[in-house]
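Subject: Structure handover

Hello,

Here is the structure for you to look through. My notes on it follow below.

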Amino acid sequence: RPTTESRSMRPRKPEAEKKKLGRPSYRTFYNQIGFQGAKSLHAVMRDIAKERNIRLEDIYTEAVRDFLEMRSNGQILYTPAPIRRFATRLAIHIEPYLEEAVRAACLQDQQQLGDFFQTAVWLYLKELGRLPS
């Protein structure tokens with residue numbers, strides 16, 4: 001058996017350099033929530049996340065918090081989510097208390113999860129002045 005001192009020092013493979021050692025990072029205390037949304041709105045949300053250099057799920061969380069606050073101030077008309085052919089399927093990690101608030105709001109307003117997120121994202125982008133044309 002060769003010892004570490006006697007091994008030849010060969011260059012590492014490029015694939016080995018790309019792989020991170022250790023366990024993959026994930027947030028065990030977050031829940032995953034899935035919904036359908038408009039592709040154009042999702043693309044703008046992705047651009048905002050890149051510009052701010054933060055996770056996409058943080059942008060969605062910010063939009064949901066803003067929407068829940070607006071909802072508590074008054075009645076809101078929901079924007080329906082697009083049908084599957086024109087939508088993208090999204091699954092984001094969200095804090096457990098926020099997921100409970102979202103599901104409770106959907107149940108109370110008798111709306112689907114996709115409609116809730118579609119409306120939240122639309123209002124968030126409208127507030128930022130970033131709605132796609």
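Are Phe-67 and Phe-116 buried or exposed? Phe-67 is buried, and Phe-116 is buried too. Buried means under 20% relative accessible area, exposed over 50%, and partly exposed lies in between (1.4 Å probe, protein chains only).

Some ground rules. This is a predicted model: local features need pLDDT of at least 70 and side-chain atom pairs pLDDT 80 or more, while totals for chains, interfaces and linings use all residues. Residues are numbered from 1 along each chain as its sequence is written, and side-chain values use heavy atoms, with hydrogens and water left out.

**Overall layout**

The protein chain has 5 helices and 2 strands. These are DSSP runs numbered from the N terminus: helices are H or I with at least four residues, strands E with at least two. The order from the N terminus is α-β-α-α-β-α-α. Of the 133 residues, 34% count as buried. Contact means heavy atoms within 4.5 Å. Among contacts between residues at least 6 apart in sequence, 83% join residues at least 24 apart.

**Helix H3**

H3 covers residues 56-73. The expected span is 1.5 Å times one less than the number of residues. For the 18 residues of H3 that gives 26 Å, and the end C-alpha atoms are 26 Å apart, which agrees. Its buried residues include Tyr-60, Val-64, Phe-67 and Arg-71. The buried residues of H3 pack against strands E1 (31-38) and E2 (87-94), and against helices H2 (39-52), H4 (96-109) and H5 (113-128).

**Aromatic pairs**

Rings of Phe, Tyr and Trp (its six-membered ring) pair if their centres lie within 6.5 Å; planes under 30 degrees apart are stacked, over 60 edge-to-face, the rest tilted. The count is 5 aromatic pairs. Phe-67 and Phe-116 have ring centres 4.8 Å apart and planes at 75 degrees, so they are edge-to-face. The pair links H3 to H5, 49 residues apart. Phe-116 also pairs edge-to-face with Phe-117, at 5.7 Å and 80 degrees. Ring pairs join Phe-35, Tyr-60, Phe-67, Tyr-78, Phe-116 and Phe-117 into a cluster.

**Nonpolar core**

A nonpolar core is a set of buried Ala, Val, Leu, Ile, Met, Phe, Trp, Tyr and Cys residues joined through side-chain atoms within 4.5 Å. The largest has 31 residues; Met-45, Val-102, Phe-116, Phe-117 and Leu-125 touch the most other members. E1, H2, H3, E2, H4 and H5 each give two or more residues. H5 gives the most, with 8. Beyond four places in sequence, the contacts of Leu-125 include Leu-41, Met-45 and Leu-131.

Best wishes
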